[in-house]
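Thanks for asking me to look this one over with you.

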Amino acid sequence: MTLVGRRFANANFLTASSTKAPWTVPFRRNPLFVSRSAEIAKLDDILSNDSAFSQVAIEGLGGVGKTQIALEYAHILRERHPDCAIFWIPVTSVESMLEAYSQIAKELQIPNVGIETKNIQNIVQHRLSQESSGRWLLVLDNADDISFWADKTKGTTTSNLPNSKHGSILFTTRSHKTAIRLAGRNIVTVKAMNSALAKNLLGNTLIDRSLLTDERATADLLQKLTYLPLAIVQAAAFINKNQMTLSEYISLHESTEESTIDILSQNFEDEGRYEDGKNSVATTWLISFQQIRASDPLAAEYLSLMACVDSKNVPQKFLSLTQSATKTSDALGTLKAFSFITNHENSQHLDIHRLVHLATRNWLQMQGTLLEWTNKALSHMNMLFPFPREENRHMWRPLLPHARHIIESLAPSTPTRAAIYLLHIFGYGVLQDGRYREARRAFSTVTDFYKTSLGIEHPVTLSTQATLAQIYLRQGEWSKAESLNMQTLDSLKKVVGFESMVTLTSMTAQVSIYCAQERWTEAEKLELQTLKFYERALGTKHPQTLMNKSYLALIYREKGKWNQSRKLNLQILKCHRTALGTEHPLTLISTRNLADDYRYLGLLRKAEALQTQATETSKRILGAEHPDTIRATGSLASIYRERGRLKDAEKLHMQVLENYRKTLGAEHPSTLWAMAPLADTWRRMGRYTEATELLEKCLHLETKVLGADYSV
């Protein structure tokens with residue numbers, strides 16, 4: 001028999017025998033097929049009614065395995081009912097459809113039919129609609145464009161398709177909207193494999209199955225491939241060809257975006273796909289992209305914008321800034337119909353499939369429009385991103401990954417004012433979030449830009465430079481922080497005046513620097529001067545004024561004036577609770593400060609109650625790895641130690657040390673200072689060797705980082 005469509009030349013295709021009904025399925029049964037029993041069972045349930053015509057659609061993302069499920073079902077049906085004719089039509093092009101219909105006509109022995117017959121669809125439809133044709137199943141594979149068989153003159157979708165109580169039609173399609181139009185409720189949705197099925201498929205396609213003994217690499221690889229069957233088969237083909245380990249293949253994915261796209265674009269031999277089809281992951285969705293662009297330009301626009309931000313948790317507002325709710329819903333519906341996007345846990349946010357995200361970026365790059373769309377995404381983000389404050393944290397914090405993605409995409413090009421603006425507010429956001437490394441990179445770039453474009457003594461330049469000095473301080477680089485801050489402070493006094501808020505902020509930063517260096521006399525003198533200006537400019541209960549009072553309380557405590565510190569911290573806490581609420585980060589800091597006073601005064605029960613409350617709230621509001629939370633946890637650990645709860649203290653002290661190493665670095669002063677409390681806890685537990693070794697390590701690092709004079 002003549003095979004339907006252009007097939008692989010080396011495939012061993014099944015042919016109809018004289019004892020069986022016609023069969024035009026182009027592919028042999030795939031021995032590597034991993035059973036999708038749930039999908040097969042649902043298909044069987046819908047199509048098992050012998051006395052009624054039925055239509056069913058298998059829908060899902062391109063590469064998820066729809067064709068293989070349809071193929072497996074065709075073979076199962078053939079084994080169960082040898083008298084059932086099974087016809088397969090690839091809806092990849094008009095030519096492939098006509099060739100398939102011509103082959104069906106020959107199998108049905110319809111006289112005087114050639115491949116050039118214009119009405120071949122109607123002829124085959126008429127024959128199969130007759131009950132005398134017997135039992136049959138018609139598979140329409142890749143049925144995304146319904147115009148291939150729709151009758152436009154009658155305004156119907158499937159008028160060119162046969163209809164018989166002995167027949168059934170099975171569609172595979174990437175589009176949920178198409179599936180509904182073709183099959184109504186009779187839809188089988190195919191999602192990504194679970195981890196067990198995905199591992200089985202990988203094992204079936206690898207030549208060297210022993211590679212799976214590296215369980216960590218196996219799990220990591222499957223996760224990166226999003227458990228997508230096509231991606232798994234392609235990865236196995238690449239690994240087989242190049243005799244790689246799983247870890248070596250993973251490293252290609254992790255190097256650069258270009259490298260990932262390159263390996264996802266590799267074609268490979270696959271007997272279960274059409275010879276003229278696109279079988280690489282990065283190209284298999286091109287047809288869908290083109291269909292979306294032609295049928296729903298707004299959906300294509302949204303897909304392009306989403307490709308320019310992070311793939312997870314994209315706010316719908318980011319997309320729909322200039323469109324009505326109805327138009328937005330229709331466009332997003334199109335993208336969901338193709339399984340390109342899904343609703344996030346938060347209903348107002350969306351996720352785009354990771355590999356679709358990469359493939360879309362590649363598509364835009366191939367068309368030369370990636371930079372254009374990145375700049376559009378930049379414009380949208382600048383309109384959406386509020387200036388980061390504590391009270392609007394819920395608005396800006398989810399936007400940080402998207403802003404970073406845009407910024408990194410634009411990094412190689414010359415920065416524009418729009419890009420610098422986003423980088424500026426992004427920098428404030430990550431600074432608020434305690435991510436000092438990212439904040440430093442952002443403000444270094446912003447400050448350099450403003451120095452060039454505005455001048456070194458412009459107020460905006462000086463303001464960003466003052467913030468950069470604060471970041472140096474929080475990273476433990478005190479000398480660098482002091483040098484830059486003093487330089488900035490002198491310029492600010494000259495340019496904007498002694499009592500300007502930006503000048504006062506820089507003065508407060510200088511107090512912080514003195515406190516970090518334990519220069520208490522200088523700190524107290526400058527703080528008393530700064531506090532007077534704040535009280536005169538903002539009032540005695542303004543958050544900025546209260547923050548300066550907390551520095552004064554710290555100075556009192558370190559100078560042994562514990563009762564003065566306690567009274568001042570109690571006053572600050574009451575003001576914060578009244579003005580900001582109990583869960584505001586400033587309230588949590590003042591709670592921790594008062595708890596420290598109680599600890600120094602020996603009021604350990606009071607200290608523990610306050611510090612426990614502050615620590616748990618800080619974890620919930622700021623996260624476990626925020627520097628404020630780590631400091632709160634360290635204070636609670638010290639209270640446990642003083643109360644004799646040594647096991648609890650040890651657990652928290654080790655957690656604090658590890659979190660400081662992770663967030664601030666192994667040689668940050670805060671990391672070094674977290675060693676001594678842990679060593680003291682070990683000493684009290686009788687673990688003298690461990691305590692001594694840790695203290696020696698701490699002393700060595702302090703000498704290296706802070707200098708010999710500091711350690712003495």
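1. A word on the source. This is a predicted model, in which local features need pLDDT of at least 70 and side-chain atom pairs count only at pLDDT 80 or more, while totals for chains, interfaces and linings use all residues. Residues are numbered from 1 along each chain as its sequence is written, and side-chain values use heavy atoms, with hydrogens and water left out.

2. The five-stranded sheet. Please start with the open sheet ordered β2-β3-β4-β1-β5, whose pairing is parallel. Its edge strands, β2 (85–90) and β5 (187–189), each pair on one side only. Neighbouring strands here are turned by 15° against each other on average, direction ignored. Strands are DSSP runs of E with at least two residues, helices are runs of H or I with at least four, and both are numbered from the N terminus. Two strands pair if DSSP finds at least two bridges between them.

3. Inside that sheet. β1 (residues 54–59) and β4 (residues 167–173) are paired in the parallel sense over six bridges. Within β4, S168 is the bridge partner of S54. Helix α2 (residues 66–80) packs on the sheet and touches β1, β2, β3 (136–141) and β4, with its direction at about 165° to that of β2. Contact means heavy atoms within 4.5 Å; axes are lines fitted to C-alpha atoms, for helices over the stretch in contact, and angles run from 0 to 180 degrees between N-to-C directions.

4. The three-stranded sheet. A further open sheet has the order β6-β8-β7 with antiparallel pairing. β6 (314–315) and β7 (341–343) stand at its edges with a single partner strand each, so one side of each has no neighbour in the sheet. Two bridges join β6 to β8 (residues 349–352), and P315 stands opposite H349 in β8. Helix α13 (residues 297–306) packs on this sheet, touching β6, β7 and β8, and its direction makes about 80° with that of β8.

5. An aromatic pair. Eleven aromatic pairs turn up in the whole structure (rings of Phe, Tyr and Trp, its six-membered ring, with centres within 6.5 Å; planes under 30 degrees apart are stacked, over 60 edge-to-face, the rest tilted). The ring centres of Y428 and F443 are 4.9 Å apart and the planes are at 85°, so this pair is edge-to-face. Y428 belongs to helix α20 (residues 417–432) and F443 to helix α21 (residues 436–453), so the pair ties together parts that are 15 residues apart in sequence.

6. The cavity lining. Which helix gives the most to the lining of the largest cavity? α28 does, with four residues. α28 (585–600), α29 (604–622) and α30 (627–642) each supply at least two lining residues.
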